[in-house]
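Please look over the chain shown here, and then read the report on its fold, its core and its aromatic pairs.

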Amino acid sequence: MHDSPNPMALVMTAGATLAGGAMIGASTNAINGVVSPHYFRQVMYWEGVADIWRAAIAQGILEGLIYGMIAALVFTLVVGIVSRARCPFVVAIRQLIPMIGGVYCCWCAGGLVAMGLATLSPEFYVRAFAGVPEQTVPMLCYAWVGGSIWGAQFGGLLAVVIGSIVFANRWPSLAQP
């Protein structure tokens, strides 16, 4: 049993969650920046940006940090309250890793759903979203990027809610030595 409060583990949990957000943002935008630089030029108004790929990674880190702060606040509060600040860092990380994996899965699912929509009804897709190219391959690339970003955003929300609930339900068994 974990008897004494461990506030440093909570600080480290918040930091790891924040770092996870930055990692997700950087890695997904590193891929998305290659898949469709056109998306970033259109959506971010980066017409004069020379290196879209690097700018996309920087933007991913920034947005990942923002979403990571929210996730860190929620998850760390849940861990702290449920465990009465007694959760070891390694136990919290074991709960965080599947949450991060879930965000990546939602990132992929969002991209695939958007590509499916663009394939199923390209006319609708071009009309519904600003700046979408009309040629099939660039349209599908654009759809992947937009859909995957939405997937990661909604997936992050879903992951922190589900991960926090799972932690709260599992804490009694996790607290055992």
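Predicted model: local features only at pLDDT ≥ 70, side-chain atom pairs only at ≥ 80, totals over all residues.

Residues are numbered from 1 along each chain as its sequence is written, and side-chain values use heavy atoms, with hydrogens and water left out.

The secondary structure comes to six helices and zero strands, where helices (H or I, at least four residues) and strands (E, at least two) are DSSP runs numbered from the N terminus. The C-alpha atoms fill a box of roughly 60 × 35 × 20 Å along the principal axes. Of the 177 residues, 41% count as buried, that is, under 20% relative accessible area with a 1.4 Å probe and protein chains only. Among contacts (heavy atoms within 4.5 Å) between residues at least 6 apart in sequence, 76% join residues at least 24 apart.

The largest nonpolar core has 39 residues; such a core is a set of buried Ala, Val, Leu, Ile, Met, Phe, Trp, Tyr and Cys residues joined through side-chain atoms within 4.5 Å. Helix 1 (7–35), helix 2 (37–43), helix 3 (52–83), helix 4 (89–120) and helix 6 (136–174) each give two or more residues to this core, and helix 6 gives the most, with 13 residues. Among the residues with the most contacts inside the core are F40, F75, L96 and F167. Leaving aside neighbours within four places in sequence, L96 is in contact with A16, T17 and F75.

Q95, which is placed in helix 4, counts as buried because its relative accessibility is 9%. Beyond residues up to four places away in sequence, Q95 touches F75, V166, F167, R170 and L174.

The structure holds eight aromatic pairs, in which rings of Phe, Tyr and Trp (its six-membered ring) have centres within 6.5 Å, and planes under 30 degrees apart count as stacked, over 60 as edge-to-face and the rest as tilted. Two of these pairs are set out below.

| Pair | Centre to centre | Angle between planes | Class |
|---|---|---|---|
| Y39 and F40 | 5.4 Å | 85 degrees | edge-to-face |
| F75 and F167 | 6.3 Å | 75 degrees | edge-to-face |

Because F75 lies in helix 3 and F167 in helix 6, their pair ties together parts that are 92 residues apart in sequence. F75 is buried, with a relative accessible area of 0%, and F167 is buried with a value of 0%. Both Y39 and F40 are buried, and ring pairs link Y39, F40, W46 and Y142 into a cluster.

Technical notes:
Buried < 20%, exposed > 50% of the residue type's maximum accessible area, 1.4 Å probe, protein only.
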